[in-house]
Amino acid sequence: MVTANQEMAVYCFDTLLSHYNNQPVPPPAFDEGHFPLFVTWKKIVNGGEPRLRGCIGTLEARYIIDGFKDYALTSALRDRRFPPIQQKELPNLECTVSLLTNYEPDLHYLDWEVGKHGIIIEFTDPDYNTRRSATYLPEVAAHEGWTTLEAIDSLIRKAGYNGAITESLRKQIRLTRYQSTLFTMHYSEYTNYVKTTRGAKPSLAGWTTLEAIDSLIRKAGYNGAITESLRKQIRLTRYQSTLFTMHYSEYTNYVKTTRGAKPSLAGAKASN
């Protein structure tokens, strides 16, 4: 049976780096399969708890080579809950790949085990008479320290329902439970893997013009989908500049040379 492994996580990192470098993605080093799958990106800063930066996948089975290639980018760049991951964040990223298995549909909303099962819920919104659905991967409830009931109520909110959560609402839920295999890799582990297997660590090129435009769209405060239609309506002004950089120590030496003494601050003892 195919299980999530390090080569799948490497392929997701390869896909993201190739996007930034505008280069073809290296071929994967794992066998093809047909599974539902997810790609999760988290960011670790100063040794703290990893923070979610994107998580998107499919609950329908897909061929996993194309699936990981697609969702590595979709989860990194188009998860609407977060701004797109920027190239400079890569050294702080970790990637988790998940393959979903053992679907069991039409269960009671509490008929699952925290830490073992992922869950999909489906229900009708009583306020708008619309169908709603959402999922949590198996590791989510355990990581949050939730009971089964707390996870269900959180998932109802994730599905977009904002009304009162009653026992009557919970009982109309159609629950599917599933299991998964997963593998997590930090960027430093990825670069070491690439150095060992390919002879050199991966490198990053600067932005392409298109990447710079898309980053600037986000900087302007736009969080929606960046389409070619949106780009074409941009009014762009280009300009050039001259610049000069000076460190404070160079400044003080310049002043001493041209004015006879280093600058001093009020309240501080000057020294030559």
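The model is a predicted one, in which local features need pLDDT of at least 70 and side-chain atom pairs count only at pLDDT 80 or more, while totals for chains, interfaces and linings use all residues. Residues are numbered from 1 along each chain as its sequence is written, and side-chain values use heavy atoms, with hydrogens and water left out. The unreviewed UniProt entry carries the annotation "domain: AMMECR1" for residues 1–194; such positions are given in the numbering used here, with feature names shortened, and annotations may be inferred rather than shown by experiment. Over residues 1–194 the chain is 31% helix and 34% strand, with the end C-alpha atoms 26 Å apart. Helices (H or I, at least four residues) and strands (E, at least two) are DSSP runs, numbered from the N terminus.

The interior can be taken up through its nonpolar cores, each a set of buried Ala, Val, Leu, Ile, Met, Phe, Trp, Tyr and Cys residues joined through side-chain atoms within 4.5 Å; buried here means under 20% relative accessible area, exposed means over 50%, and partly exposed lies in between (1.4 Å probe, protein chains only). The largest such core has 35 residues, and those with the most contacts inside it are Trp41 and Phe68. Two or more residues come from each of α1 (6–21), β1 (34–43), α2 (64–77), β3 and α6 (187–198), and α1 gives the most, with nine residues. Apart from this core lies another, of 18 residues, including Ile119, Ala159, Ile173 and Leu175.

Helix α4 also contributes buried positions, namely Ala151, Ile152, Asp153, Ser154, Leu155 and Ile156. The buried residues of α4 pack against β4, β5 (130–136), α3 (138–144), α5 and β6, where contact means heavy atoms within 4.5 Å. Just after α4, Gly160 takes a positive phi of about 105 degrees.

Which aromatic pairs link distant parts of the chain? Rings of Phe, Tyr and Trp (its six-membered ring) pair if their centres lie within 6.5 Å, and planes under 30 degrees apart count as stacked, over 60 as edge-to-face and the rest as tilted. The whole structure holds 10 aromatic pairs. One of them, Tyr103 with Tyr178, is stacked, at 5.5 Å centre to centre and 25 degrees between the planes. Because Tyr103 lies in strand β3 (residues 93–107) and Tyr178 in strand β6 (residues 174–186), this pair ties together parts that are 75 residues apart in sequence. Tyr103 is partly exposed, at 33% relative accessible area, whereas Tyr178 is buried, at 0%. Phe123 and Tyr161 form an edge-to-face pair, 6.2 Å centre to centre with 85 degrees between the planes; Phe123 is in strand β4 (residues 118–125) and Tyr161 in the loop between α4 (148–158) and α5 (167–171), 38 residues apart.

A salt bridge is a side-chain nitrogen of Lys or Arg within 4 Å of a carboxyl oxygen of Asp or Glu, and the structure holds 13 of them. In one, the closest N and O atoms of Arg177 and Glu104 are 2.8 Å apart; Arg177 lies in strand β6 and Glu104 in strand β3, so this pair joins parts 73 residues apart in sequence. Arg177 is buried, with a relative accessible area of 16%, while Glu104 is partly exposed, at 29%.
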